[in-house]
Amino acid sequence: MKASSTSSKVSRRQFIATTAAAIAAPTFIPASALGKAGRPAPSERIVVGIVGWGMMGPGNTSGLMAQKDCQVVAACDLDTRPLQKAVDAVNKKYENTDCRSYHDYREMFARDDIDAVMLAVPDHWHALLATEAARRGKDIYGEKPLARTIAEQQAIVKAVQKNKRIWQTGSWQRSQSPFHKAAEIVRNGLIGKVTHVEVGLPSGHADFKGTKDKMQVTEPPKELDYDSWIGPSKMMPYIEARVHMNWRWNYNTGGGQLLDWIGHHGDIAHWGLDFDNSGPMEIEGTGEFPPQDAVWNTATKYRINLTYPKDITMTIAGGHSDIKGGTKWIGTDGWVWVDRGGFDASTPEWKAMKELPDDIRKVKLYNQTITTATSSIA
């Protein structure tokens with residue numbers, strides 16, 4: 001995806017402000033009059049609605065509320081327990097009771113006063129929520145992966161393009177200095193011509209919700225609208241171990257460790273290769289899978305070999321000791337490896353550098369976190 005400015009947001013706000021002034025000539029209330037000195041006036045804030053309060057929703061919302069020019073006004077979840085936690089957290093932050101709760105995301109998206117939405121929902125809901133948000137004229141922050149299938153991903157891109165929205169995917173590693181430095185080393189040719197890339201991802205299943213012992217079919221709790229939660233996926237009996245957080249370990253709603261992590265380390269690999277708008281020409285892989293009817297049936301171990309243009313090959317693996325977690329580019333003149341926990345390279349001096357010196361940095365990368373309707377998926 002290509003980075004861009006947020007000019008569409010600014011121009012829309014200018015249009016709204018100008019039109020309002022022409023019609024009613026309102027008096028804008030200063031932020032200090034509302035008890036929060038230093039914040040932009042209400043007419044200059046980005047109004048946000050959030051959907052999903054599970055693993056990523058709380059942290060994302062906290063980050064949004066930390067921005068002075070942002071105002072979270074609504075929360076949506078299909079489970080009334082996390083929904084109440086979301087509303088309480090927002091109201092506590094703003095010291096009021098203004099946050100409105102929603103069961104149906106479509107009702108929230110219909111609000112004309114909401115400029116943008118934060119989506120932190122299971123993978124099987126990404127496409128429907130994102131396309132509806134774009135259709136309703138909302139700018140969107142969506143969690144990775146973009147969606148479960150190529151068709152769903154393309155539907156999101158087309159909706160964003162058609163409605164001229166701003167899209168941001170939660171691939172936050174591009175905003176971290178070790179990943180940024182590693183990608184610039186590769187892009188500036190310091191390791192020579194890249195010949196091979198190794199992408200190491202997690203294996204197995206992680207019990208994020210602590211429900212691995214709750215594998216039996218039961219009635220859904222009254223607080224959860226399970227029929228809506230399963231939504232566009234195949235209807236399956238309710239089992240607590242495959243809903244909140246652990247939905248990712250069943251192919252009916254998620255894609256296992258591979259789909260959970262490829263948008264991180266695989267994304268960084270492409271960044272260093274300048275392949276944001278390209279992709280592999282050939283793919284073959286193997287994996288170890290539980291029985292298809294298991295509650296958690298996603299691959300526990302996998303290895304995928306890919307062939308790219310420019311005679312570059314890549315190995316993506318989870319559960320194989322010869323492929324270290326993170327991203328490693330191997331070139332004719334050296335190598336560089338990066339992960340959330342560290343950085344290493346064939347040239348020791350690179351480890352000490354915070355960033356590349358200007359005299360050797362011919363290609364400068366920027367934190368590509370804001371994308372526009374011109375984005376595409378290869």
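Tyr 105, Phe 109 and Trp 125 are linked into a cluster by ring pairs. Rings of Phe, Tyr and Trp (its six-membered ring) pair if their centres lie within 6.5 Å; planes under 30 degrees apart count as stacked, over 60 as edge-to-face and the rest as tilted. This is a predicted model, where local features need pLDDT of at least 70 and side-chain atom pairs count only at pLDDT 80 or more, while totals for chains, interfaces and linings use all residues. Residues are numbered from 1 along each chain as its sequence is written, and side-chain values use heavy atoms, with hydrogens and water left out.

A search of the whole structure finds 7 aromatic pairs. Take Tyr 105 and Trp 125. Their ring centres are 5.8 Å apart and their planes stand at 70°, so this pair is edge-to-face. The pair links distant parts of the chain, 20 residues apart. Tyr 105 belongs to helix 4 (residues 105–109). Trp 125 lies in the loop between strand 4 (116–119) and helix 5 (126–135). Helices (H or I, at least four residues) and strands (E, at least two) are DSSP runs, numbered from the N terminus. Both Tyr 105 and Trp 125 are buried. Buried means under 20% relative accessible area, exposed over 50%, and partly exposed in between (1.4 Å probe, protein chains only).

Now look at Tyr 226 and Trp 229. This aromatic pair is stacked, with 6.0 Å from centre to centre and 15° between the planes. The two residues are 3 apart in helix 8 (residues 226–230), so about one helical turn separates them. Tyr 226 is buried, at 6% relative accessibility. Trp 229 is buried too, at 6%.

Rings can also sit under a charge. The test is that NZ of Lys or CZ of Arg is within 6 Å of the ring centre and within 35 degrees of the ring normal. The charged end of Lys 324 sits over the ring of Trp 337, 3.8 Å from its centre. Lys 328 lies over the face of Trp 335, and here the distance to the ring centre is 4.7 Å.

Next comes strand 7 (residues 194–201). Of its 8 residues, 7 are buried, so the strand is largely enclosed by the rest of the structure. Which strands pair with strand 7? Two strands pair if DSSP finds at least two bridges between them. Strand 10 (residues 312–318) pairs with strand 7 in the parallel sense, over 6 bridges. There, Val 197 stands opposite Met 314. In a regular strand the side chains alternate between the two faces of the sheet.

Move on to helix 9 (residues 256–273), which holds Asp 260. Is Asp 260 buried or exposed? Asp 260 counts as buried, at 7% relative accessibility. Its side chain makes a polar contact with the side chain of Arg 248, at 2.8 Å. A polar contact is a pair of N or O atoms within 3.5 Å; within protein, one must be able to donate a hydrogen and the other to accept it, and residues adjacent in sequence count only if both atoms are side-chain atoms. Leaving out residues up to four places away in sequence, Asp 260 touches Lys 144, Arg 248 and Trp 249 (contact means heavy atoms within 4.5 Å).

Finally, consider the cysteines. Cys 70 is buried, at 5% relative accessible area. Cys 76 is buried at 6%. The structure holds 0 disulfides (a disulfide is a pair of cysteine sulfur atoms within 2.5 Å).
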